[in-house]
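Q: I am new to this structure and would like to learn how to read it, one feature at a time. Could we go through it together?

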Amino acid sequence: MQATVPVSSPLQTTSTVTDQTAHSTQTINMALVPAPPSETPLFAEVDMCSDSSATTVRATVVQASTVFYDTPATLDKAERLLAEAAGYGSQLVVFPEAFIGGYPRGSSFGATIGSRTAKGREDFRKYHASAIDVPGPEVDRLAAMAGKYKVYLVMGVIEREGYTLYCTVLFFDSQGHYMGKHRKIMPTAVERIVWGFGDGSTIPVFATPIGKIGAAICWENRMPLLRTAMYGKGIEIYCAPTADSRDTWQASITHIALEGGCFVLSANQFCQRKHYPPPPEYVFLGAEEDLTPDSVVCAGGSVIISPLGTVLAGPNYDGEALISADLDLGEIARAKFDFDVVGHYSRPEVLSLTVRDHPTNAVTFTSASAKTEASHK
């Protein structure tokens with residue numbers, strides 16, 4: 001089934017539903033799901049029918065903006081969105097890249113080759129202050145949210161380790177436990193000024209009762225060897241938090257769904273200029289004079305795609321929204337009948353991949369290693 005998802009709160013909305021068995025398309029009016037009684041909904045959602053004869057997982061991707069430079073307020077917003085998604089029956093909720101901590105779109109941090117500005121250094125200080133420690137109190141709160149609303153939670157954050165920042169995805173189970181993290185191994189372009197590089201020790205795929213879940217962030221998804229590592233771990237629900245709202249992104253993630261024989265859940269922020277601090281505190285370099293408070297600076301495009309490349313929900317470019325679909329897990333086997341990228345379609349005697357999945361540390365203390373060894377004797 002595929003359907004568009006509303007982003008405002010009219011009494012009804014129009015959705016397009018495709019019957020994949022009959023290969024016919026019809027347009028119908030679908031009533032909006034009522035909001036959970038204890039909450040005023042932020043965004044409305046279409047009620048989507050599910051096939052009771054198949055094993056299904058209801059998944060939601062969140063398309064919403066950070067409260068920039070205000071991590072407590074962003075966590076509050078995340079909880080409201082999570083509560084609403086859970087009220088619609090979602091079992092898995094995926095948030096965008098850098099939702100906690102913020103994606104510093106348009107900022108140069110005052111850096112040019114050979115020099116940095118005083119304002120740029122102060123911008124980094126404030127950005128660093130908005131990041132979170134892992135583990136830390138914000139991680140504890142996110143875990144508590146996942147447990148409270150009984151959902152698997154995939155959350156994009158800016159992680160702070162000392163004075164280095166990482167673009168990271170955190171994973172939580174529906175019992176309220178932190179499962180682990182993925183650090184972006186290759187920041188794109190100017191992102192490299194403010195974010196460190198992850199290593200092979202944080203490329204997890206978690207086996208859960210609702211499927212094997214992992215994530216790659218934004219243009220990491222263009223890295224064939226990283227994707228292959230995740231396929232090798234048996235990923236079934238491939239989360240792709242991003243900051244890319246262009247049409248070419250849709251081509252990339254559709255290809256990944258087909259290549260990996262997996263569901264792809266892509267979540268992006270929908271941001272307007274007013275979601276960032278006003279100038280001169282925050283400046284969109286080279287574009288500020290053309291922007292109004294309502295100017296869209298990231299148009300979203302969040303989407304859910306099946307292992308056969310069918311768009312199940314989205315892409316949405318209209319505003320902040322919850323975008324949901326029921327994932328028929330049987331579709332994975334149907335897709336891999338045609339193409340199993342690390343199975344019958346691999347040629348390991350010709351092509352193979354070695355993943356160095358150990359941590360890489362700048363400093364190792366041999367005395368600490370000796371104490372660890374002694375404690376095990």
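**Reading rings, cores and confidence**

A: Let us begin with burial, where buried means under 20% relative accessible area, exposed over 50% and partly exposed in between, using a 1.4 Å probe and protein chains only; F109 has a relative accessibility of 8%, so F109 counts as buried. Y127, at a relative accessible area of 1%, is buried too. This is a predicted model, in which local features need pLDDT of at least 70 and side-chain atom pairs count only at pLDDT 80 or more, while totals for chains, interfaces and linings use all residues. Residues are numbered from 1 along each chain as its sequence is written, and side-chain values use heavy atoms, with hydrogens and water left out.

Q: How many aromatic pairs does the structure hold?

A: Rings of Phe, Tyr and Trp (its six-membered ring) pair if their centres lie within 6.5 Å, and planes under 30 degrees apart count as stacked, over 60 as edge-to-face and the rest as tilted. The structure holds 14 such aromatic pairs. The rings of Y103 and W195, with centres 5.9 Å apart and planes at 65°, are edge-to-face. Y103 lies in the loop between β4 (92-94) and β5 (111-112) and W195 in the loop between α4 (191-194) and β10 (205-208), so this pair ties together parts 92 residues apart in sequence; helices (H or I, at least four residues) and strands (E, at least two) are DSSP runs numbered from the N terminus.

Q: Which residues do ring pairs link into a cluster?

A: The cluster consists of F68, Y69, F109, Y127, Y276, Y282 and F284.

Q: Where does R183 lie relative to Y166?

A: A charge sits over a ring if NZ of Lys or CZ of Arg is within 6 Å of the ring centre and within 35 degrees of the ring normal. R183 lies over the face of Y166, 3.7 Å from the ring centre, and R222 lies over the face of W219, at 4.0 Å.

Q: Which residues touch the most other members of the largest nonpolar core?

A: A nonpolar core is a set of buried Ala, Val, Leu, Ile, Met, Phe, Trp, Tyr and Cys residues joined through side-chain atoms within 4.5 Å. In the largest one, of 46 residues, they are L92, L265 and L327. Another core lies apart from it, with 28 residues, including L81 and V151.

Q: What pLDDT does the protein average?

A: pLDDT is the predictor's confidence in each residue, from 0 to 100. The protein averages 86, and 83% of the residues score at least 70.
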